[in-house]
Structures are given as C-alpha cells and as structure tokens.
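Here are a few notes to read alongside the model. Have it open and follow the points in order.

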Amino acid sequence: MSVSNTPRSYGTVTKTFHWVTAGLILVIAPLGIIAERLPYATDAELAVKAQLFSAHKTLGVIVFAVALARILWALTQTKPGDLNHAHKVQSALAAVAHWTLYISLVAVPLTGWVHHAATSGFAPLWLPIGQNLPFVPKSESIAETMAALHWLFGKIMIASILLHIAGALKHHFIDKDATLRRMWFGKTDAPLMPAHRGSFAAPVGAALIFALATGGAATAGLFRDHDSVAGAALAAVASEWTVTEGQIAISVTQLGSPVAGSFTDWTAAISFDPTATGVAGEVTTTIAIPSLTLGSVTSQAMGADFFDSATYPTATFTGAILADAGRYTADGVLTIKGATVPVSFPFDLTVADDKAEMSGTLTLDRRDFGIGASMADESSLGFAVDVTLSVSATR
C-alpha cells in the first residue's frame, strides 16, 4: 500500500490522518457536552468537571495540530478522481461540505484555545506548552467572544460531519462504489477516474457558510456587549476626594492555579486631611458584586454558595483612616453576603497638592463571609482571597 496518494486511492498517511481525526472528534465532542452539563457545587463535583474539561481542551489542541498537518499534507498530494464526477451538482456540494469540515477542524479548536488563553483558572491544558498564547491578552471580552464562536463553529462542524457520514454511506450502500473503501486501509478495487480538478468555488462556498452563520449569530445577539456591567450601575456619591481612576482586584486559587479578576463598578466617599495624625478621615466604599469578572469562573462566583449576587448585590466597607508617622491604615468593617467582619487595611499613600495616590493589598478568608461553604478544604478553592486596591483621587 502506497504511503502517498495515487490517482486511484488515498495513501497510508492520508488515511491515518482521516481516522485519527475522526477518533479524536468522537472523544472530544462527548467530553465537552458532558463536562458542560456536570454540576460543580462541591469539591468532588468541581474536580471531575475540571478533569473532563482539561481532557477536552488538551485533545482539542491536538486536533488543531493534526488538522493543520492533514491540510498541509493534502496540499502536496494527488487527490483521487471523484467516483461520481458525472454528477456535477453532487460533486460540487460534496466539495463544499469537505471544505466546511476542513475549516471547522481548525476554527473550532482554535477558538477554544484562544478562549482558554484569554481567561484564567479552571481546567488547565495537560501539555508542556503553557496556558497562554502570544498576542492573546487576558480579557473577559475576548474570552466570551471566542466561547460564542467556539459554540457556533462546533455546530457547523457537527453538521458537516453528519453530511460527510451520510455521503459516505450513500456511496457505499446506494451507489455501491469504492468511495468509502478506498479511504480504509488495504487495497481497493477503485477504478481509475478522470483526474480531480480543484477550484476556488468550494473553499469560497465553505467560507461563505461561516461568514453567514457568524453574521446571523451576531444579529441574533450571540455576541452581546461583554463590557457592560450586569445590573444597574451604582449611583454617584458625594465625596471630599473624588476618585479619578482606580481598581479593586481580587485573586483566588482554584485547583492549584491563580485566578485573577476585578470589580468594574464601585464608589468611594472619602474625607481625609493629609496634615492630621491619628484619625485623619473616613471612607465608605460600596462595590457592585455583579460587576466582578473572575476568569472562567465568573458565573460560578455569582452563585448562591459564593457571592450570591442575586440576594446580596453589594458589598460595603466603612472605616476610619488612621495616620501614624507616614503609615496609613483603613480600620473598619467589611460586609459581604450579609456577614460583617472587622478589617484593618494598611496602605501606601502619597499626596502632592490636591492629588493623592494610594495602593494596598489585603488577604481575606472566604470562610469568614460564608463564601464557598460547600468547598470545605483548599483542594478545589483556596481559603485566602487577595484584595488589591489602587486609587488616584483629587480634592
């Protein structure tokens, strides 16, 4: 049996690429569907879900590599002539279906890989290539867009696979020709047909299918505005010092990997005298919990066992600003999910004229606020939550 293609049949390499790809897809698709539907309310459930997603992602990257190698190999090979070349319409439709499948075998794993690289935490790749991709920043917007495209292109891939299988079965059982047999290993009795003549019509037609599907999905609202904050924005507050820019960021450890995020909607009412010692001012900060983005676990964090944002849409910190020989502390109480805990938050501060820059980091224990009570140990979710605050303000 020839390694390369011949005018009568496909070679060993082409056949191997074909059946390896088919086997991988038959494993990957169920893994993704099952993992998506599994619950993750407990440590054990989350561990199983993460394992299945890791397997799905890892095999997806392998499929991407195999698909690229398969396409590059196909470009160097003679393609056996169509056994139904006399049926021009059927042959043309089959070519479009083949190109649609080729494109999906690259587009589906690629969008999934970019989604993984753009987010953080949960279900790492089991490959020694790292978790990131060049030129792909950590971005909730990019991640959500890629997730939507991954879902859409996956549906196109499934449809093209079903058409591919239906066509093969038609050739085998109805037309009774050697189309299916010549893709299997061993010698075939395929006749010598006129040489295959490629054209740009098939790949253009396949690309048009993807373009129309993407445009239709966009019109239907699949790609929503990912930058918008969930829920109503917090109302502005009166403050002696006005925050001009700032960030409240958090970092947790899930399944041994850090997951970083931040709140995009919060207010701060600040009174502060830079010349005072002792109690130098007061601060009240209100945070909109639904504005949190936390990598791939954002929706999980909003659930009843975690922040329960539907019941407790805001968190608040109220305290005094203490100044002692150039060292500053915000000493007060933090309320999250109905639980109020004393907090002492040291921070660095520089003041020049009527401008102030502050930054600080605080480590909280999620258990103090009843967050993630079902995850009683740190194997799935660490107890420590690092909070980083940086603020620029003017008086």
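1. Some terms to begin with: axes are lines fitted to C-alpha atoms, for helices over the stretch in contact, and angles run from 0 to 180 degrees between N-to-C directions. The axes of α4 and helix α5 (residues 201-219) come within 11 Å, crossing at roughly 135 degrees. Angles under 35 degrees count as roughly parallel, over 145 as roughly antiparallel, 65 to 115 as roughly perpendicular and the rest as oblique, so α4 and α5 are oblique to each other.

2. A word on where this comes from: it's a predicted model, in which local features need pLDDT of at least 70, side-chain atom pairs count only at pLDDT 80 or more, and totals for chains, interfaces and linings use all residues. Residues are numbered from 1 along each chain as its sequence is written, and side-chain values use heavy atoms, leaving out hydrogens and water.

3. Now look at helix α1 (residues 12-37) and helix α2 (residues 43-75): their axes come within 9 Å and cross at roughly 155 degrees. That makes α1 and α2 roughly antiparallel to each other.

4. On to α3, which bends by about 25 degrees at Ser104 (the angle between axes fitted to the seven residues ending there and the seven starting there).

5. Where does Ser139 sit? You'll find Ser139 in the loop between α3 (88-118) and α4 (140-175). Ser139 is buried, at a relative accessible area of 19% (buried means under 20%, exposed over 50%, partly exposed in between, with a 1.4 Å probe and protein chains only). Its side chain reaches the backbone nitrogen of Ile142 at 3.2 Å.

Terms used: Helix = DSSP H or I, 4+ residues; strand = E, 2+ residues; numbered from the N terminus. Polar contact = N/O pair within 3.5 Å; in protein donor to acceptor, adjacent residues only side chain to side chain.
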